[in-house]
Amino acid sequence: MPLAISPPLSDTKPMQASKRFSAKCIDQLRSEIADSRGNEVFALGYLDDQGLVSRLEVRARGNKEAVLALQLWSGDADFTDIPDAGDLSHTPDVLIHNHPNGFLVPSDEDLTIAGRAAEDGTGFFIVDNQVGKVYVVAEPLRRRKRVMLDADIICAALEAGGSIARRLEAYESRPSQLDLMRLIIRGFNEDCMVAAEAGTGVGKSFAYLLPAMRYALGNEERIVISTATINLQQQLYDKDIPLVNGALRTKIKAVLIKGRGNYLCRRRLADALRETELTDLWSVDDPEDGDPTGPLERIAAWAETTAAGSRSDLSFLPAESLWSRVCSEADLCMGMRCAERERCFVLALRKEAADARILVVNHHLLFADLAARAEGAGYDSTVVLPPYTRVIMDEAHTMESAATSFFSKEFSRLSVYRQLGRLYRRRRASRLGLLVRLAVLSRKEDALDDGAEAVQLVRDAADALNEAALGFCRNEWSFRLTPAGEGSITAALTPLLADLRKKIAVLAGIIRDMLETVPEDSADDPTVWEIKAVTRRLEAIGSVCASFIEYRERPAEVMWMERHAGRGGSATAGQAAGSDWVSFTATPIDVAPSLKEALFEPNKTVICVSATLTVNNSFTYWESRCGLKLAGRQALSGQFPSPFPYAQAVLLAVPSDAPLPEQGNYRAFVDRAAARLAETANGSALILFTSYEALRSAFAASAPLLEEQGIRCLKQGDDDRGRLLRTFLEDQSSVLFATHSFWEGVDAPGDTLRLVILCRLPFRTPNEPVFQARCEALEAKGGSSFMELSLPEAVMKFKQGFGRLMRRSSDHGVVAVLDGRLLHKRYGQHFLRSIPKTKTSFAEFGNLLKEMERFLYP
């Protein structure tokens, strides 16, 4: 991109061509015109360091009055429409054509094209047929010369004695890390896509940070690094980036950006403090009881001392309902009209990000920015993030799930309640909420009763819909809308969805009528902004209702419902508790086209790295799911094996007599085997399941036996994930029973973890709504849903679970798999071939325990 605003169109007279062209280019262009019998010729010109056109590319030839290629710039095309012209190294500096009549005055069409070209800093020249004279219609903007990365110089930093190596204790040179870095350097230099699988211990963060920060420094470009987890974000920002800055002996500015909801909004805080009945800040789903005045006042005190306003900087964890009342939200932001704009935490962060070269974000935030740009916000201005053209996607194996979550639309009875609670609520004799304040502003106090009644009708409609939906989810935790169930859906669900949508529309109408009478001098009152945002949110819920009603006309989406346990919890899948609630979700079946259009097509370089991107040493599955395969651009790929000594340090133990999951004795075998294995390892075990039901069964069978041996047992669900992990890490002999989210993101090096048990191969449940819809879509195209989706997805997750054991080169332990399919089904080889070579024990369970004991305690 140009480095400054383009200059105005030139008003100079024709000058000697030698002042603007090299002698070689004058001869070349004169020869081309002669070969075209004196007709119009259209060429692209490139400037040298002296500002002369030193290279030409003739692109079209016309007649005495016109040339076809000029039409490229008379319409909506841009310079990326030219083959090989999508980056600074190929974007032309000047558009050149001749006037055969020798009259070097621009036509109206010339001026139009020159004006459009000048917007991008591209000049426009007209020459005579002898190329003796040139008329400069628009001056070219001198572009910064692109600085390519030198792989040898950069890699030297990570070799023994290098600038990075000297800053790390007990540093060991890793050939796979250097190979990965060279691939990433090619991605920057060649403006292409990169897919890299880097095994545990390769050091992928430094492998991409060094090239990224060098490139940002040399070319004054902004690079976005996106991760899936907060832990990795913090590690990059707090540790790795400062270390690289030190090694480069410079200060490349980096900014950590979290989702907007992580930051305090001073205006909303002040509004909350003005509430006379603070207990109403607690919504219906709050787990705590009591007066939130204390937490709110603590937030207010903290707001006066915090520099960033980030929720993570609080010394306590506020309830979600309280924080959601005071956090920053895009649709509630008053922008320049806000009285607190000078002290706004989000605005300060945006200013910091605007002159930063490295932005560290999460996938959800990046997708929010990409989606807005793809929908029309453009790529040259700040949207959610400042503009950029190069992206690094760390933990890239999560891209599809992150995009699926972002592009899904959802509501529930609780989300309806939250919005209604902001509008109107009663506390003893008091009437509170935005509707009450709007009635005063609009001088339509008489409309308040109508609004209050409409709020209650929406609440009743949400209750009725929730109750009916529980009936559909009674036997299973989820229910997908399909033509097969059309009769019951039409009879029991569709009328209630339509009724909720209608009641929301009536409420929105009442609010808009009240807004119309708000005096002009009160138009910027925070109440007006807040109530408009709440109304939009409710109408978005109405839109999801419409999607459910029209599900048969929306083949690209899956409409599904899921039951969630209320405060008391639900006993079984077939028995709903009175406080259970249902979420209604519309999810795109295929997110690959969206990722292609938003991420891979507009950006010059996208580096995708993860420890798990291949199945059977092939990237095909991942590329097809994330949109890279659709992009049709040059993509570099490579696998970079872990330097850890798996062959000596890890035992893969699979009982040859393990039953298959469909056999009746499988559950009892797992319950017994998990306890025996953990006992043999003296604890220090992570036991991973694919369902909560299996987890609860194994925990109930194992915990009493293990705790008799002094081994503490921890179970997912008994505490929040962070505290549970800290407890596990602090108690070296403890055993953690966990499910889905713990298959990745658990980093427990040393003797804290000597045993990982994968109780079952992690295939998805066949009736899971989104998965089921994606399988059907593949089958409809003539594919195999098992080989193209179910199996590769399970292998990827299996690799993640396997990877929990070895986190340092000195680690040592056992990975046990209690699923007979690994040895007795042909597809078991797909799993085995996708993990590093290890020692193995495929003996009967009794003998396997002895081999495991000898391995752990030689």
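Author: Arg563 sits in strand 16, residues 557-564 (strands are DSSP runs of E, at least two residues, and helices are runs of H or I, at least four, numbered from the N terminus). The model is predicted: local features need pLDDT of at least 70 and side-chain atom pairs 80 or more, while totals for chains, interfaces and linings use all residues. Residues are numbered from 1 along each chain as its sequence is written, and side-chain values use heavy atoms, leaving out hydrogens and water.

Reader: Is Arg563 buried or exposed?

Author: Buried means under 20% relative accessible area, exposed over 50%, and partly exposed in between, using a 1.4 Å probe and protein chains only. Arg563 has a relative accessible area of 2%, so Arg563 is buried.

Reader: Which residue's backbone oxygen does the side chain of Arg563 reach?

Author: Look for a backbone oxygen 3.1 Å from that side chain. The oxygen that Arg563 reaches belongs to Cys473.

Reader: Zooming out, how many helices and strands are there in the protein?

Author: Both kinds of element turn up here. The count is 29 helices and 26 strands.

Reader: Why is the protein as compact as a globular protein of that length?

Author: The globule rule, 2.2 Å times the number of residues to the power 0.38, goes with a radius of gyration taken over C-alpha atoms. For 858 residues the rule gives 29 Å, and the protein comes close to that because its radius of gyration is 32 Å.

Reader: What share of the residues of the protein count as buried?

Author: The share is taken over the 858 residues of the protein. Those that count as buried make up 54%.

Definitions and conventions: A polar contact is a pair of N or O atoms within 3.5 Å; within protein, one must be able to donate a hydrogen and the other to accept it, and residues adjacent in sequence count only if both atoms are side-chain atoms.
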